[in-house]
Amino acid sequence: MIKYFIQVLLCSFLTSCAFAPFATTPSARTNGAGQHLIQATLVETQIPSFRYEYGLLPMLDVGAESEAGFGTYMLGFYSKFSFSGGESGLSSAAILGLGKNISGEEEYWYVGPIISYKFSFFEPALLLRYTDTRLSNVDFYQPTGDITFDGDHLRYWYLVLSATVYPADWLGIIFQVADTVSVNGGRGNFIDSMVFNVGINYEL
């Protein structure tokens with residue numbers, strides 16, 4: 001855990017790193033046309049993350065996301081298109097997002113699939129996200145270390161296992177565990193420790 005924070009601190013301050021938000025959507029289900037959802041999450045119990053989703057179409061949500069930590073403030077937009085599913089049972093979807101650090105020039109985009117299964121009061125989900133971040137100033141480089149760069153980009157896979165408990169139809173309590181794997185040069189994890197998130201969903 002300590003190593004995780006040291007690496008993110010170094011990347012954030014020495015390279016102005018634009019990690020995409022670590023908190024993600026916890027369900028492949030869409031909200032439904034005209035429906036609103038707010039998600040508030042704490043990444044590693046320290047970094048606040050917020051998401052707002054709106055059901056543009058029955059199978060399409062659009063939203064905004066923000067995450068602040070270690071001297072950066074990421075702001076982005078995303079969409080979620082559901083291929084199958086409903087209010088219960090198995091659902092599958094694809095997500096696409098992009099954003100930037102509003103206090104710098106760093107940018108990110110991501111894409112990936114998500115599947116979930118909604119029981120009466122419990123919903124597990126699995127998301128795999130490919131992320132490409134553009135860095136404004138890559139002065140810090142570890143050729144044999146955990147953080148590797150490809151020019152001015154940091155590319156990585158982000159695998160997230162979510163579990164949401166619903167004490168009410170309009171309220172969800174979210175638990176997430178995630179891991180990252182760098183794809184720059186085929187090297188391994190750039191963050192050794194897993195990421196743990198906890199949050200809530202509130203349907204308006």
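Me: What pattern does the protein chain follow, read along the sequence?
Reply: The order is α-β-β-β-β-β-β-β-β-β-β. This is a predicted model. Its secondary structure comes to one helix and 10 strands.

Me: What makes β1 and β10 a pair of strands?
Reply: Two strands pair if there are at least two bridges between them. Strand β1 (residues 36-43) and strand β10 (residues 195-203) have seven bridges. They therefore count as paired. The sense is antiparallel.

Me: Why is S91 called buried?
Reply: Buried means under 20% relative accessible area.

Me: Which residues is S91 in contact with, leaving aside its neighbours within four places in sequence?
Reply: The contacts of S91 are A28, R29, S84, G85, G86, I114, I115 and S116. Each has heavy atoms within 4.5 Å of S91, which is why it is called a contact.

Me: How much of the protein chain counts as buried?
Reply: Of its 204 residues, 48% do. The accessible surface comes to about 9300 Å². Carbon and sulfur atoms hold 67% of that surface.

Me: What share of the contacts with a separation of 6 or more joins residues 24 or more positions apart?
Reply: Such pairs account for 54% of those contacts in the protein chain.

Me: What volume does the largest pocket have, and which residues are closest to its centre?
Reply: The volume is about 520 Å³. Of the 31 residues that line this pocket, R29, T30, N31, E87 and E203 are the closest to its centre.

Me: Which strands each supply at least two residues of that lining?
Reply: They are β1, β4 (72-84), β8 (153-168), β9 and β10. Strand β4 gives the most, with three residues.

Me: How do the residues of the lining of the largest pocket divide into nonpolar, polar and charged?
Reply: Nine are nonpolar, 14 polar and eight charged.

Me: Why would E203 count as charged?
Reply: Glu is on the charged list, so E203 of the lining counts there.

Key:
Residues numbered from 1 in each chain as written. Predicted model: local features only at pLDDT ≥ 70, side-chain atom pairs only at ≥ 80, totals over all residues. Heavy atoms only, no water. Helix = DSSP H or I, 4+ residues; strand = E, 2+ residues; numbered from the N terminus. 1 Å grid on protein atoms, 1.4 Å probe; cavity = no way out; pocket = protein on both sides within 12 Å on 5 of 7 lines; lining within 4 Å. Points joined across faces, edges and corners; volume = space filled by probe spheres on them. Buried < 20%, exposed > 50% of the residue type's maximum accessible area, 1.4 Å probe, protein only. Areas by Shrake-Rupley, 256 points an atom, 1.4 Å probe, with all protein chains shown as cover.
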